[in-house]
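Please keep the structure open as you go through the points.

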Amino acid sequence: MLAALTGLGLSTAAGLNAYIPLLVVGVLANFSDTVKLPDGYGWLSNWGVLAIIAVLLLAEFVLDKVPVVDSVNDAIQTAVRPASGGVVFSATAAAAEFDQSTWMTEHPWAGWLIGIVTALAVHVLKSTARPVVNATTAGLGAPVVSTVEDAGSLGVSLIAIFLPVLVLLLLAGVAVFAWWVFRKVRSPSRE
């Protein structure tokens with residue numbers, strides 16, 4: 001069960017920023033026994049791959065702070081963030097250990113699918129909320145919200161790896177926030 005929570009937490013983090021959980025998993029796989037990459041995922045701890053991920057993270061960090069550019073970036077990231085969610089769910093061996101399930105072990109695509117759907121759901125929430133933030137703050141909220149999202153992605157990644165039980169609380173919080181955002185987007189303004 002903890003492996004599934006780790007995978008869900010990392011996939012959630014990937015929905016906010018595709019590169020932070022990949023970098024966290026890769027670096028921890030190199031420096032600790034906390035993350036053990038399954039067969040076929042050793043590339044994620046390769047320093048060359050991690051350098052590329054770090055460059056992409058830097059670009060994402062800058063682009064996501066600029067109003068309007070952040071929405072273009074979100075459109076591009078619609079493919080990247082879910083893919084990252086699938087990778088980090090599977091790379092942390094969550095799919096193979098999901099409730100010690102033989103079915104999950106025999107169907108590794110399911111771990112990818114869970115990670116993709118989780119990251120996509122968070123990404124859709126983020127990309128729906130961002131234009132609302134930009135419009136209501138005349139763009140001044142973009143760098144603040146982006147910084148909070150980046151810090152959240154890092155925090156969720158670390159929680160997912162070191163305290164996976166807390167992922168349940170996190171997912172409940174995300175669900176409440178999603179309800180609030182969709183309610184705000186759907187309701188006509190009362191001006």
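A salt bridge here is a side-chain nitrogen of Lys or Arg within 4 Å of a carboxyl oxygen of Asp or Glu. With that in hand, look at Arg-130 and Glu-149, whose side chains meet in such a bridge at 2.4 Å, N to O. The model is predicted, so local features need pLDDT of at least 70 and side-chain atom pairs count only at pLDDT 80 or more, while totals for chains, interfaces and linings use all residues. Residues are numbered from 1 along each chain as its sequence is written, and side-chain values use heavy atoms, with hydrogens and water left out.

**Confidence**

- The chain has a mean pLDDT (the predictor's confidence in each residue, from 0 to 100) of 87, and 90% of its residues reach 70 or more.
- Confidence is highest in helix α3 (residues 47–63), at a mean of 97, and lowest in helix α5 (residues 94–97), at 54.
- Where pLDDT is low, the predicted coordinates should not be read in detail.
- Helices (H or I, at least four residues) and strands (E, at least two) are DSSP runs, numbered from the N terminus.

**Salt bridges**

- The whole structure contains nine salt bridges.
- Asp-150 pairs with Lys-65, with 2.7 Å between the closest N and O atoms.
- Asp-150 sits in helix α8 and Lys-65 in the loop between α3 and α4, so this pair ties together parts that are 85 residues apart in sequence.
- Both Asp-150 and Lys-65 are buried, meaning under 20% relative accessible area, where exposed is over 50% and partly exposed is in between (1.4 Å probe, protein chains only).
- Lys-126 bridges to Glu-149, the closest N and O atoms being 2.8 Å apart.
- Lys-126 is in helix α7 and Glu-149 in helix α8, so the pair connects parts that are 23 residues apart in sequence.
- A network of salt bridges links Glu-60, Asp-64, Asp-70, Asp-74, Arg-81, Lys-126, Arg-130 and Glu-149.

- Lys-126, in helix α7 (residues 109–136), is buried because its relative accessible area is 4%.
- Contacts (heavy atoms within 4.5 Å) of Lys-126 include Gly-15, Leu-16 and Asp-74, not counting residues up to four places away in sequence.
- Asn-73 belongs to helix α4 (residues 69–91) and is buried too, with a relative accessible area of 6%.
- Asn-73 touches Glu-60, Leu-63, Asp-64 and Arg-81, leaving aside residues up to four places away in sequence.

**Nonpolar surface and annotated spans**

- Leu-154, Leu-158, Ile-159, Phe-162, Leu-163, Leu-166 and Leu-169 make a nonpolar surface patch of about 620 Å².
- Patches are made of residues with over 30% relative accessible area and no salt bridge, joining like charges within 9 Å and nonpolar side chains (Val, Leu, Ile, Met, Phe, Trp, Tyr) within 5 Å; accessible areas come from the Shrake-Rupley method with a 1.4 Å probe, and for residues only the protein chains shown count as cover.
- Helix α8 gives the largest share of the nonpolar patch, four residues.
- Leu-158 lies in helix α8 (residues 141–162) and counts as partly exposed because its relative accessibility is 35%.
- Leu-166, in the loop between α8 and α9 (167–186), is partly exposed at 37% relative accessibility.
- An unreviewed UniProt entry annotates residues 42–63, 109–125 and 158–182 as "transmembrane region"; its positions are given in the numbering used here, feature names are shortened, and annotations may be inferred rather than shown by experiment.
- Residues 109–125 are 100% helix and 0% strand, with end C-alpha atoms 24 Å apart.
- Residues 158–182 are 84% helix and 0% strand, with end C-alpha atoms 28 Å apart.
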